[in-house]
Amino acid sequence: MAFHYSLEALLRVRQIHERREEEMLGAIISKISAVQMQIENAREALLDSRRLLLQNMADGVAGSELQFAANCDAGRAFYLEMLQNHLQQLEKQRVEQGKIYREARQRREVLESYRERQLQIYNQEQSRREQQRVDDLFLVRLGHSRKT
């Protein structure tokens, strides 16, 4: 008789749940990476615009151009701040999803551990049965050899 684990269906459900939670965590981590790149690009753009603004001020640019450049600078700074806030929110999501994933993994590991114990018990019982059959066969043969 083959080994049958009565909680196999539940184990499969937990494996699927764990994979889904892991994929969600991976998606959040990918978003974090993308936002970090956007932040780096926004910082570079802000620094470049500020250098250009300083250079233009030194070259003697019209006040309206300086005002426009300052407004653009403020817009870039605001965009950078929005990205940083978004990154903070994603980091919070990553931490929370990490907890959810670890819990799902632990629930799956508990069932797998129980399955391994059940399989070990099954294998021990099978070994005992086989040994009993061998012993019985030996005794039957021993009995036949004494009678003849």
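## Basis

The model is predicted: local features need pLDDT of at least 70, side-chain atom pairs count only at pLDDT 80 or more, and totals for chains, interfaces and linings use all residues. Residues are numbered from 1 along each chain as its sequence is written, and side-chain values use heavy atoms, without hydrogens and water.

## Nonpolar core

The largest nonpolar core consists of 10 residues: Ile28, Ile32, Val35, Ile39, Ala42, Leu46, Leu80, Leu83, Leu87 and Leu90. Such a core is a set of buried Ala, Val, Leu, Ile, Met, Phe, Trp, Tyr and Cys residues joined through side-chain atoms within 4.5 Å. Helix 1 (8-59) and helix 2 each give two or more residues to this core, and helix 1 gives the most, with 6. Helices are DSSP runs (H or I, at least four residues), numbered from the N terminus.

## Ile28 and Gln97

Beyond its neighbours within four places in sequence, Ile28 contacts Leu90, Gln93, Arg94 and Gln97 (contact: heavy atoms within 4.5 Å).

Gln97 lies in helix 2. Gln97 counts as buried because its relative accessibility is 6% (buried: under 20% relative accessible area; exposed: over 50%; partly exposed: in between; 1.4 Å probe, protein chains only). Not counting residues up to four places away in sequence, Gln97 touches Glu21, Met24, Leu25 and Ile28.

## Surface

Tyr79, in helix 2 (residues 63-147), is partly exposed because its relative accessible area is 39%.
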